[in-house]
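Hi everyone, thanks for making time this morning.

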Amino acid sequence: MPNQGNSTRKVDVLIIGGGVIGCSLALRLAQAKLQVTVLDRNEIGLEASSAAAGMIGPHAEAVEPADFFNLSVASRDLYPQFATEIEELSGERVGYRRDGTLLVSFADKDDLDLENVYHIQKNLGFAPARLTASQVLEAVPRLSPQVRGGLLLPGDHWVDNERLMHALFIAGRRLGVSFHTRSAVRKLNGRDRRVQSLEVDSGTSAAPSIYTAERYVLAAGSWSGELAATLGLSLPMTPCRGQMLEFESAWELPIIVRHGLHYLVPRSGRRIAMGTTAEYAGFDRVVTGEGLRSIVTGVAELTPHLADMHFRRAWAGLRPDTADHLPILGYGDWENLLFATGHFRHGILLAPITAQLLAELILSGQASQPLDLYRPARFGP
Ligand SMILES: Cc1cc2nc3c(=O)[nH]c(=O)nc-3n(C[C@H](O)[C@H](O)[C@H](O)COP(=O)(O)OP(=O)(O)OC[C@H]3O[C@@H](n4cnc5c(N)ncnc54)[C@H](O)[C@@H]3O)c2cc1C
């Protein structure tokens, strides 16, 4: 039997998952004076949200369809205010920068890809800039002399996502968000299309604690599907593993550089994060020999100076992918259960807009932008 003795008092909103999505929403709801509890089975922000590269890159990703691109741009536009607010509330820096992304070419196929991105962005009214090989090397002198040209996308930003998670946690706590870590949600209990409670393992007792709230938000990243299944819901979600490396260089990388799946992202202290892989290998977030090999090979093509850099660490995270690669946002068939999950490769980018729209739904019943494309029910019953 669940341990009723451990139950907490009923709060306004219980958020399952303390990643960038859950914590950003918690912040917005706490600012609106709601009582919010975030439950995480681990410490806050240790999964995909810390594993990410931190790119806020709607332009480099050229995300589709158009509605999703617009959502991504709207989220990017919220970032300056979002980052400032979090820094002021927490007293921590989040390493937010707006220097753009540089896409580079090494082959005919890359030239075609860059031209494609150029025309898409130009037609959308943005200002991509074609760079010759010498302009690329002027912008980033340590790149390979084999580079054939580049495309500068000034509208892309980036953030140090590990710092962002730390700052979000502190900011939330200062606003009164209650964070329950090492608290794994085992089951959602529901009746008559309403979630009644959560059963939570906190490790202190064999029986789960019972948590209750007016509303519940499922923001458990790659694990959202298995939690939805406890209510009999089927969310077609698959974890997509991404591996990353970090080196320290003797020189400063001024801007994000991307070539296909491979990229260099500047971090403070002359650290450079390098990625990545995209593997559908279950929930195992190990770093593999093949993952390391493919990243090192790809990055070595970008810069011969990799050879002199000092290796710092390697890690892997699970991107919460969905059947159509789009997020799952808003209410489904359960009247007090909201979904804020499935952000796949774009959860850092989409955190501010997700938090804003979900907070609007909770506070007023209406989001300021249509969420039809992202509705949970699109996958069927
Ligand atoms: C290598 C890599 C690079 C990436 N790069 C970028 C990038 O540059 N830009 C970008 O925008 N996005 C990027 N992403 C994607 C981004 O990281 C994710 O979309 C985003 O972090 C998802 O956030 P989330 O809060 O939904 O999930 P998560 O950060 O995974 O958080 C989910 C949380 O739920 C908790 N949880 C799970 N099960 C339970 C349970 N039963 N009970 C309680 N808690 C539970 C977990 O412990 C976790 O803390 C990258 C991802 C990876 C892996």
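**Around the ligand**

Let me start with H346: one of its backbone N or O atoms sits 3.5 Å from an oxygen atom of the ligand. Keep in mind that this is a predicted model. G54 also uses a backbone N or O atom, here 3.2 Å from a ligand oxygen. With S49 we turn to a side chain, where an N or O atom is 2.5 Å from an oxygen of the ligand. And how much of the ligand does the protein bury? On its own the ligand exposes 1000 Å², and 98% of that is buried by the protein.

So who makes up the surroundings? The ligand has 39 residues around it, with D40, S49, M55, F344 and R345 the closest. Sorted by class, that shell holds 21 nonpolar, 13 polar and 5 charged residues. Several elements supply at least two residues each, among them α1 (20-31), α2 (48-51) and α10 (347-364). Which element gives the most? That is β17, with 4 residues.

Now let's zoom out. The protein has 10 helices and 19 strands, and its C-alpha trace spans about 65 × 40 × 40 Å along the principal axes. The radius of gyration is 21 Å, which agrees with the value near 21 Å for a compact globule of 381 residues. Of those 381 residues, 55% count as buried. For contacts with a separation of 6 or more, 72% come from residues 24 or more positions apart. Finally, the accessible surface is about 15900 Å², and carbon and sulfur atoms own 50% of it.

Conventions: Residues numbered from 1 in each chain as written. Predicted model: local features only at pLDDT ≥ 70, side-chain atom pairs only at ≥ 80, totals over all residues. Heavy atoms only, no water. Near = heavy atom within 4 Å. Polar contact = N/O pair within 3.5 Å; in protein donor to acceptor, adjacent residues only side chain to side chain. Areas by Shrake-Rupley, 256 points an atom, 1.4 Å probe, with all protein chains shown as cover. Nonpolar A, V, L, I, M, F, W, Y, C, P; charged D, E, K, R; others polar. Rg over C-alpha atoms; globule rule 2.2 N^0.38 Å. Buried < 20%, exposed > 50% of the residue type's maximum accessible area, 1.4 Å probe, protein only. Contact = heavy atoms within 4.5 Å.
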